[in-house]
Amino acid sequence: MRRLRRLAHLVLFCPFSKGLQGRLPGLRVKYVFLVWLGVLAGSWLAYVHYSSYAELCRGHVCRVVICDQYRKGIISGSICQDLCTLQQVEWRTCLSSVPGQQVYSGLWQGKEVTIKCGLEESLSWTAGADVAPRRELVLFDKPTRGTSIKEFREMTLSFLKANLGDLPSLPTLVGQVLLMADFNKDSRVSLAEAKSVWALLKRNEFLLLLSLQGKGHAAPLLGHCGDLYVTEGVPRSSGPAAALPALLRPLLPPALHGALQQWLGPAWPWRAKIAIGLLEFVEELFHGAYGTFYMCETTLANVGYTAKYDFRMADLQQVAPEAAVRRFLRGRHCERSADCTYGRDCRAPCDTLLRQCKGDLVQPNLAKVCELLRGYLLPGAPASLRAELARQLRTCTTLSGLASQVEAHHSLVLSHLKTLLWKEISNTKYT
């Protein structure tokens with residue numbers, strides 16, 4: 001016992017223990033500093049997240065404005081009563097990527113839905129009671145009182161010709177527009193119904209949704225109120241960061257994207273099935289009944305899929321009609337090709353002699369999609385397929401947008417690629 005006490009005394013008063021005691025205050029200061037730094041960084045991230053959320057997520061403004069217009073009798077639609085009177089449309093998660101296009105997941109009539117509402121950039125989210133009158137003047141200005149149904153039909157046809165081109169199939173699309181406007185099936189279109197559907201037609205994505213209804217690559221339309229509309233389901237994104245919390249996505253290093261795609265994304269056969277759907281969508285955009293469309297923001301974030309891994313375009317905002325792209329490029333002054341860019345990546349060459357943009361795009365839809373699929377399909381691809389898949393995707397990415405190549409060559413490349421993928425997954429559980 002006496003020996004143990006002597007040993008304890010030596011430990012407590014040895015030079016080493018004195019040095020340790022002398023360093024303890026310094027260690028405490030370091031730990032306190034690190035904790036303070038962590039709290040500061042966390043607070044800053046929370047502030048940035050809240051600020052961006054407040055800017056991007058303004059569904060409450062959409063709801064107030066739409067319901068104000070509905071109660072005044074300016075607009076109408078199939079979900080107006082559920083949205084504004086019965087409060088049966090539940091707004092859930094904010095999915096908006098830009099302030100001008102509000103996107104929310106929601107619940108309506110027991111179904112999962114996506115709610116979309118346009119919100120002009122000029123309308124501040126802090127604006128007061130004058131928001132609704134200004135929105136009425138800007139958006140719900142046509143048609144005017146006294147317009148006959150025949151005149152409205154002609155208005156709609158002229159609008160579609162200007163945006164989609166002079167196509168023989170347009171009268172059918174006009175019929176769909178009028179059928180949707182007459183949501184209460186009373187065989188007449190009221191002024192409020194006409195104003196609502198006219199405002200919807202000005203939304204690029206809505207026009208695309210209407211043109212692609214029944215094809216399976218775009219979400220089915222379920223209803224509308226003014227220029228707010230609801231589509232079926234909430235497509236899952238194929239983006240590599242989609243499975244991460246929103247707060248962590250901006251912090252993700254680009255080098256980790258491919259690895260995350262393999263770890264967190266669907267299994268390779270499911271990715272092949274989604275890719276086949278995407279290729280069919282490209283085919284539909286080129287050979288559709290309502291003209292040609294260009295994909296002007298080709299990213300994995302826009303490649304969505306359903307619970308059964310069927311391809312579903314997550315965002316059609318940057319899919320533009322050929323007529324709109326050509327109108328933008330026609331006679332446009334340029335110094336370099338970057339000056340001839342519509343959207344994010346619909347680029348035409350610049351004629352440096354005339355200083356004007358040319359009409360043909362540098363890269364067609366198929367080439368851009370194949371570039372995307374190289375990073376989506378090659379990682380994790382079966383060894384027996386990888387070399388041939390890489391070769392076909394490489395050939396596909398070299399396609400140009402010249403009119404002489406588009407029809408036959410593009411169709412052949414697309415067909416070969418679909419066949420290759422389909423052979424790999426056919427007669428398995430993945431089909």
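A cavity here is a set of grid points where a 1.4 Å probe fits but cannot get out. In this predicted model, a search of the whole structure finds 1 cavity of 30 Å³ or more. The largest cavity has a volume of about 40 Å³. Its lining consists of Ser211, Leu212, Lys215, Glu284, Gly288, Ala289, Tyr290 and Phe293.

The overall figures for the chain are as follows.

| Property of the chain | Value |
|---|---|
| Secondary structure | 15 helices and 14 strands |
| Buried residues | 44% of the 431 residues |

Of the contacts between residues at least 6 apart in sequence, 63% join residues at least 24 apart.

The aromatic side chains come next. A pair of aromatic rings is described by the distance of the centres and the angle of the planes. The whole structure contains 8 aromatic pairs. Tyrosine 305 and tyrosine 309 count as stacked because their ring centres are 5.4 Å apart and their planes stand at 15 degrees, with planes under 30 degrees apart being the criterion for stacking. Tyrosine 305 and tyrosine 309 are both buried.

One aromatic cluster is formed by Phe152, Phe159 and Trp198. An aromatic ring also takes part in a contact with a charged group: the charged end of arginine 63 sits over the ring of tryptophan 91, at 4.8 Å from the ring centre.

Notes:
Residues are numbered from 1 along each chain as its sequence is written. This is a predicted model: local features need pLDDT of at least 70, side-chain atom pairs count only at pLDDT 80 or more; totals for chains, interfaces and linings use all residues. Side-chain values use heavy atoms; hydrogens and water are left out. Rings of Phe, Tyr and Trp (its six-membered ring) pair if their centres lie within 6.5 Å; planes under 30 degrees apart count as stacked, over 60 as edge-to-face and the rest as tilted. Buried means under 20% relative accessible area, exposed over 50%, partly exposed in between (1.4 Å probe, protein chains only). A charge sits over a ring if NZ of Lys or CZ of Arg is within 6 Å of the ring centre and within 35 degrees of the ring normal. Helices (H or I, at least four residues) and strands (E, at least two) are DSSP runs, numbered from the N terminus. Contact means heavy atoms within 4.5 Å. On a 1 Å grid over the protein atoms alone, a cavity is a set of points where a 1.4 Å probe fits but cannot get out, and a pocket is an open set with protein on both sides within 12 Å along at least five of seven lines; lining residues have an atom within 4 Å of a point. Grid points are joined across faces, edges and corners, and a volume is the space filled by probe spheres set on the points.
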